[in-house]
Amino acid sequence: SGGELTTKSLIYTGGRLSLNYSTSAAGSLRVELQDATGKPIPGFTLEDAEELYGDSIDQSAAWRHGTDVSRLAGQEVRIRFVLCDGDFFSFQFAD
């Protein structure tokens, strides 16, 4: 049926959020970026998130505007992962 995970507040460097995950053909992963209080950041909401599916060790999280997260680097953010019928292994901010 799926589930979700929200990280503690963190500060990162880098321009993209790399994901390691695997879903079934019917499964998916979506990512939302939130401010330190848990409020979704415009442009990075769950509704803006591209639905990711398949099996990847280095897939960039994506939203309607693309994959660039560099404008939020150096700020406190929380990451919300929403997964349906799949496995989520790790994430990393990269250049």
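Let's start at Asp 48, whose side chain reaches the backbone nitrogen of Gly 43 at 3.3 Å. The model you are looking at is predicted, and this distance, like the others here, is computed from its atoms. The side chain of Asp 48 also makes a polar contact with the side chain of Thr 45, at 2.9 Å. To find Asp 48 in your viewer, look in the loop between strands S3 and S4.

Is this aspartate buried or exposed? Buried means under 20% relative accessible area, so Asp 48, with its relative accessibility of 14%, counts as buried. If we set aside its neighbours within four places in sequence, Asp 48 is in contact with Gly 43, Ala 62, Trp 63 and Arg 64.

As general background, nonpolar side chains in soluble globular proteins tend to be buried together.

Val 31 is a handy place from which to look around. Again leaving aside neighbours within four places in sequence, its contacts include Leu 17, Leu 19, Phe 44, Leu 46, Ala 49, Ala 61, Trp 63, Ile 79 and Phe 81.

Now follow S3 itself. Why can we call this strand largely enclosed by the rest of the structure? The reason is that 14 of the 20 residues of S3 are buried. S3 pairs with S5 in the antiparallel sense, over 16 bridges. S3 also runs antiparallel to S4 (residues 55-60), joined to that strand by 4 bridges. Tyr 21 lets you see both pairings: its bridge partner in S5 is Phe 88, while in S4 Tyr 21 stands opposite Ser 56.

Our last stop is Asp 85, which lies in strand S5. In general, most residues other than glycine have a negative phi. Asp 85 has a relative accessibility of 44%, so this residue counts as partly exposed, whereas Asp 48, where we began, counts as buried.

Conventions. Residues numbered from 1 in each chain as written. Predicted model: local features only at pLDDT ≥ 70, side-chain atom pairs only at ≥ 80, totals over all residues. Heavy atoms only, no water. Contact = heavy atoms within 4.5 Å. Buried < 20%, exposed > 50% of the residue type's maximum accessible area, 1.4 Å probe, protein only. Helix = DSSP H or I, 4+ residues; strand = E, 2+ residues; numbered from the N terminus. Pairing = 2+ DSSP bridges. Polar contact = N/O pair within 3.5 Å; in protein donor to acceptor, adjacent residues only side chain to side chain.
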